[in-house]
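Here is a walk through a two-chain complex, taken one piece at a time. Keep the structure open beside the text and follow along.

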Amino acid sequence: MRLDEYNRIAEELPDGLPDYRGAVLSVHGMNTWGPWQKHISPVLQDYSIRHIPVDYGYQILRVIRPLTNRLLQLVVEKIVDAFKAHQHLGLPTAAIGHSFGTLSIGTALQWTPELVLPRIVTFGSILPCEFPWRRLMERGQVSRVLNETCQRDGWPRRARLWISGAGPSGCDGFTREPFIDQEEYEWTDHSRLATEMHCRRVWIPFILGVPRNCA
Amino acid sequence: MSLTAFDNLRSIHPDALSVIAVLERLVNQTLRRDPHAVIDDDIIVQQGRIDPVLVKRFLVELVAGHALVRRAFWLCPEGEGTTSEANNVKEFPPIIECPRCGREHFFKSKDVEVKFLPSESLLQEIRTTPEG
């Protein structure tokens, strides 16, 4: 039987043993339902990577301070649930976050020391540039980060005016660390990196830890 | 004599006793002839003329019950046969030079077939259980 078919049946069983190369959770940004998460799902499936898109609905007002933290609590809970669902199958979980999704992933890691996301992709990131990745790495929660930036993206700079704990790392990058790969794109603005082709060429090799021409 | 793993299936699926009986007979026969044989759901379905959906389901349940062990076969997308096989898809490289067609193939889950081998405990039980 096909691998996908085997995995589908195995996941229905309480003690089934599905067979994946890896696992990913993705978190969308504000002002959207994150259609990109649905677009990358079949690509991840091609590579036998289990994907849980974390969806917290279309949010605008609840993102803005003083409500930010309350929404973050909800999203962090969903991130931890997705992590546990992958962990239950013995799969190490990578994360892909966009915009408010990056703040949610960063907050989830800070609030939940048992959350372990070895490889994290951020694009359109609104985390502060000095986000304490090193501390999270020292706690064994993170081992490598790929931060994709664009100077033309105005949202990360504006986000800190309205959103508690936000910063412009989606434009200016994070404080340099050997385990953080920063890649600048010229024309991608805030959201244009989330394509199937980019997922195939850049995100999947990063998640699997293989060279880019190998996936 | 019935095999323990299939007795477990019978207790979980009392409505599918006839399918389980055929599956048990075919698995038993196959492994008595060759303990290293690979169990393929397509062949079981053709030999036993039984419901393919149930056969797949039961084989995966037998893996969960540790009677069978899954084996992943990366098939050449050019249709030339098996490129590589492994216990776990993580063992496959992301790209492989196919020993069948000589071309390089990128890993795609659609090219992977799962088949089954008997666990040591199932083989032991078959060896010690009288036939018939």
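**Walking through the complex**

Let's start with two strands of chain B: β1(B), residues 68-75, pairs with β2(B) in the antiparallel sense over 4 bridges. Strands here, and helices too, are DSSP runs numbered from the N terminus (helices are H or I, at least four residues; strands are E, at least two). Two strands count as paired if DSSP finds at least two bridges between them. If you want one bridge to look for, B:Leu75 has B:Thr82 of β2(B) as its bridge partner.

Before going further, some ground rules: residues are numbered from 1 along each chain as its sequence is written, while chains are lettered from A and ligands numbered from 1 in the order in which they are written. This is a predicted model, where local features need pLDDT of at least 70 and side-chain atom pairs count only at pLDDT 80 or more, but totals for chains, interfaces and linings use all residues. As for pLDDT, that is the predictor's confidence in each residue, from 0 to 100. Chain B has a mean of 94, and 98% of its residues reach 70 or more. For the complex, the predictor gives an ipTM of 0.93 and a pTM of 0.89.

Back to chain B. It has 5 helices and 5 strands, and from the N terminus on they run α-α-α-α-β-β-β-β-β-α. Its C-alpha trace spans about 50 × 30 × 25 Å along the principal axes.

The β1-β2 pair of chain B belongs to an open sheet of 3 strands, in the order β2-β1-β5, with antiparallel pairing. Why do β2(B) and β5(B) each have one side without a neighbour in the sheet? Both β2 (82-86) and β5 (112-118) stand at the edges with a single partner strand each, so one side of each is left open in that sense. From one strand to the next, the twist averages 30°.

Now the helices of chain B. The axes of α2(B) (residues 17-33) and α3(B) (residues 41-48) come within 10 Å and cross at roughly 115°. Axes are lines fitted to C-alpha atoms, for helices over the stretch in contact, and angles run from 0 to 180 degrees between N-to-C directions. That makes α2(B) roughly perpendicular to α3(B) (under 35 degrees is roughly parallel, over 145 roughly antiparallel, 65 to 115 roughly perpendicular, and the rest oblique). The contact is made by B:Val22, B:Leu23 and B:Leu26 of α2(B) and by B:Ile44, B:Gln47 and B:Gly48 of α3(B). Contact here means that the C-beta atoms, placed from the backbone, lie within 7 Å. By class, these residues are 4 nonpolar, 2 polar and no charged. In that scheme Ala, Val, Leu, Ile, Met, Phe, Trp, Tyr, Cys and Pro are nonpolar, Asp, Glu, Lys and Arg are charged, and the others, Gly among them, are polar.

Over to chain A, which has an open sheet of 6 strands in the order β2-β1-β3-β4-β5-β6, with parallel pairing. Its edges are β2 (49-54) and β6 (180-184), each with a single partner strand, so one side of each has no neighbour in the sheet. Neighbouring strands are turned by 15° against each other on average, direction ignored. Within this sheet, β1(A) (residues 22-27) and β2(A) pair over 6 bridges in the parallel sense, and A:Val24 has A:His51 of β2(A) as its bridge partner. Helix α3(A) (residues 68-88) lies across β1, β2 and β3 (93-98) of chain A, at about 165° to β2(A). Helix α4(A) (residues 100-111) packs on the sheet too, touching β1, β3 and β4 (119-123) of chain A, and its direction makes about 140° with that of β3(A).

Two backbone details in chain A deserve a look. Most residues other than glycine have a negative phi, and most peptide bonds are trans. The bond from A:Arg65 to A:Pro66 is cis, with omega near 10°, and A:Pro66 is in the loop between β2 and α3 of chain A. A:Ser48 has a positive phi, near 60°, and lies in the loop between α2 and β2 of chain A.

Finally, where do the chains meet? In all, 22 residues of chain B are in contact with 23 residues of chain A. On the chain B side, α4 (52-64), β1 and β5 are the elements that give two or more residues, and α4(B) gives the most, with 6 residues. That side divides into 11 nonpolar, 2 polar and 9 charged residues.

Technical notes:
Contact = placed C-beta atoms within 7 Å.
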